[in-house]
Amino acid sequence: MTALLKNWTQAKETNLKARRKFLINSGAVGLSAAAVALIGGNDALAASHKASENSDVTILNTALGAEREAIAAYQLGAESGLLSSGTLSVAVSFQGHHKEHADVLAQTIEKLGGKVNEPPETYNFPTSRLKRERDVLEFAASLEKGAVSAYLGALPLFDNRDLATAAASILGDEAMHWAVLRQALGLNPVPSAFVS
Amino acid sequence: MGCFTTGAWFESGTFRFCFIMGSNFPKMNGARSKARSLVFALLVASMSIAVVQSIFGATSAAAKSDTSNDSELFRLGEKLYGRCVACHAFTYNRTGPKHCGLAGRSAGSVEGYRYSVAMRNSGIVWSKESLDQFLLSPRKMVPNTSMGYAGVKNDSGRRALVEYLMIESISAERCGGEQDGP
């Protein structure tokens, strides 16, 4: 697992460098239209979907709730003292992704004229079952797998196709998290040709 | 009288059969007649035993098949429940409400969970039928529910998930004393 975590860390650093370079060179022009609409706040796009905003806002708020919970779960894992340094680095990286997802979702809800739900005061986690690093990884993998299913299940519901595209982009990220966690657990990282 | 004069008794397990021959066959006298009767009785008995064994064998196989089907259905439901764990757990509220106590519960009634107005006012009581209908298309059954999930469109998969939820949500092992509380 140690060699694998080393590879993760290297891959993460390479990824970050490439990303910075890309953003500097392109000025983020390379981002998808949907992501631009989400992050930059394309008011015209948002305004064009007034009729369906209630439905989409509800779905986005539910997704935001799940992302916030994932952030809290990774925080729990990070503070558990059960993670080795390499695993901790990856966990913090994944948590960062979830924070980005949550920020984008919240911004989009507001752009659509919706109200961002308040986060719960506390989160319930099966802390009594988390006794070693493997337990934390299994727990995180189950959440990531669930997130993939949740986004997959939400995709057909979006009236705004651009939101569906953006949600699919997040789904891809969650699926990568799941695969990496499975690999770390010694499981087949990609167990099937389809996700459900 | 009866079987003793015109046929023969045969037993197989808890069943006893009487093969009546006297009135159905040409009348024969003496040892030859009795011998023929006995041969015929044995023939019919062996055939009957085969039929009985066949029936009981089939019943036993069907019972095994039912058990096997139930087990397969449960395993499929358990697998499909993996889709739910992004938002749900059995014993505690998450993005979605907990599932312990779901069977027979009024929708929107778990304490401490912030339901959508739509779900609170739905009037649904969770049963196999209502859950099946909901999971087919949650937002069709309860427009504006916060459950942002398109539904389980595959009938057999949905049935398995419903069975699994109905069993596990009242399972003492799974839920312990959780059924009635938050």
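Author: A term before the numbers: pLDDT is the predictor's confidence in each residue, from 0 to 100. This is a predicted model. Chain B has a mean pLDDT of 76. In chain B, 60% of the residues reach 70 or more.

Reader: Where in chain B is confidence lowest, and where is it highest?

Author: Strand 2 of chain B, residues 15–20, is lowest, with a mean of 42. Helix 4 of chain B, residues 128–136, is highest, at 98.

Reader: Over which residues of chain B is the pLDDT below 50?

Author: Over residues 1–28 of chain B. That stretch still has 39 contacts in the model beyond near neighbours in sequence.

Reader: And the overall scores?

Author: The ipTM is 0.72 and the pTM is 0.69.

Reader: OK, the interface. How many residues of chain B are in contact with chain A?

Author: 15, and they touch 21 residues of chain A. On the chain B side, six are nonpolar, six polar and three charged.

Reader: Switching to chain A. What's the secondary structure?

Author: Seven helices and zero strands.

Reader: How much of chain A is buried?

Author: Buried residues are 35% of its 196. Of the chain A contacts with a separation of 6 or more, 77% join residues 24 or more positions apart.

Reader: Which of its residues are buried?

Author: In helix 6 of chain B, they include Arg158(B) and Glu168(B). Leu161(B), Val162(B) and Leu165(B) are also among them.

Note on methods. Residues are numbered from 1 along each chain as its sequence is written. Chains are lettered from A and ligands numbered from 1 in the order in which they are written. This is a predicted model: local features need pLDDT of at least 70, side-chain atom pairs count only at pLDDT 80 or more; totals for chains, interfaces and linings use all residues. A residue is buried if 20 or more other C-beta atoms lie within 10 Å of its own, exposed if 12 or fewer, and partly exposed in between; C-beta atoms are placed from the backbone. Helices (H or I, at least four residues) and strands (E, at least two) are DSSP runs, numbered from the N terminus. Two residues are in contact if their C-beta atoms, placed from the backbone, lie within 7 Å. Ala, Val, Leu, Ile, Met, Phe, Trp, Tyr, Cys and Pro count as nonpolar, Asp, Glu, Lys and Arg as charged, and the others, Gly among them, as polar.
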